[in-house]
Amino acid sequence: MAAAACDAAAVEQLAGLLDQVDAPLKKTFENVHQGYPTETLVRFLKAREWHVNKAHRMLEDSLNWRIQNEIDTILEKPIIPVDLYRSIRDTQLVGLSGYSREGIPVFAIGVGLSTYDKASVNYYVQSHIQINEYRDRFILPTATKKYGRPITTCIKVLDMTGLKLSALNQMKIVTAISTVDDLNYPEKTETYYIVNAPYIFSACWKVVKPLLQERTRKKVHVLRGCGRDELLKIMDYSSLPHFCRQEGSASSKHSSSDADNCFSLDHPFHQELYNFIQEQALNQELIKQGSLHVNIPEQDPEDAKIVEVIEAEFHKIGVQNGSTNGLNQA
């Protein structure tokens, strides 16, 4: 009871501080909270271990970032032509595979086979933020309405199929995307499920796990093989990512049908998202080529340390494997 009272007091105090910000920040905050300001304040408080002043600074920085980078209108800025967007979808593997039985959206991420090599960093960051914003403004509110209770988080299933030391080559862009998430979309993931994990992941996880906050460690579950049996405890078969449906066929890029592959532009989720952004742009007469440049916030020092540890472990494994540059070995 005492802890709950302290938490409630912290939320009230943060809400009071937010009341003092300028009107433009209050306006963009509406796009962030989508009718659930208390749940949003709790997310930022959790991200800063319930330190009100730190949470306030984080939230205000995030709202300013949204204004400076025009995040409120990012869903009006399509990535064109469609062939470029298809190339991004083929190399930045992410998609909505379905929902848990409690109505929580399940996002699949092909960590091991994402190459980020068909477009500039700006395009990949723009695409990532568009998926975040579509999730927060449409996917989650729709689930909330359907299930009659606030649904403000998601589940992520991370496929490590194909993870190699060459992943170090993508560390810069992966770090940029994770920094955007950590500082502007905190605590949006309820649980991370790791599947198809090779040795290289296990070695890195062993050294990274002790560096994580306890609340983050508790969210991460490393499942055996493709994780199908464990995931079926919380979702139906139809919501399983394609790479979890049977052992030994874990391919993040290809499945028997592109409509079943939630990474593909032909999957219903990506078709819906892409068409929505095109329609918004037509309504605003804003369709034009070129990526949107989004400023990447400065990385949290603790997160920077974790990245350094991962890089060091990758190099260590490379040396053990006899690789001269430590980047091209499995």
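Which exposed residues does the face of α2 turned away from its buried side carry? They are Ala23 and Lys27, where exposed means over 50% relative accessible area, buried under 20% and partly exposed in between (1.4 Å probe, protein chains only). Helices here are DSSP runs (H or I, at least four residues), as are strands (E, at least two), numbered from the N terminus.

A quick word on the model: it is predicted, so local features need pLDDT of at least 70 and side-chain atom pairs count only at pLDDT 80 or more, while totals for chains, interfaces and linings use all residues. Residues are numbered from 1 along each chain as its sequence is written, and side-chain values use heavy atoms, leaving out hydrogens and water.

Back to α2, residues 23-33: Leu25, Thr28, Phe29, Val32 and His33 are its buried residues. Seen down the helix axis, they fall within an arc of 140° (taken from the directions from the axis to the C-beta atoms), so they line one face of α2. Just after the helix, glutamine 34 has a positive phi of about 50°.

Now for the nonpolar cores, which are sets of buried Ala, Val, Leu, Ile, Met, Phe, Trp, Tyr and Cys residues joined through side-chain atoms within 4.5 Å.

| Core | Size | Some members |
|---|---|---|
| Largest core | 33 residues | Trp65, Ile129, Tyr134, Phe269, Leu273 |
| Another core, apart from it | 19 residues | Phe201, Val208, Val220, Ile306 |

In the largest core, the listed members touch the most other members, and α6 (121-147) gives the most, with 7 residues. Leaving aside neighbours within four places in sequence, leucine 273 is in contact (heavy atoms within 4.5 Å) with Tyr85, Gln130, Ile131 and Tyr134.
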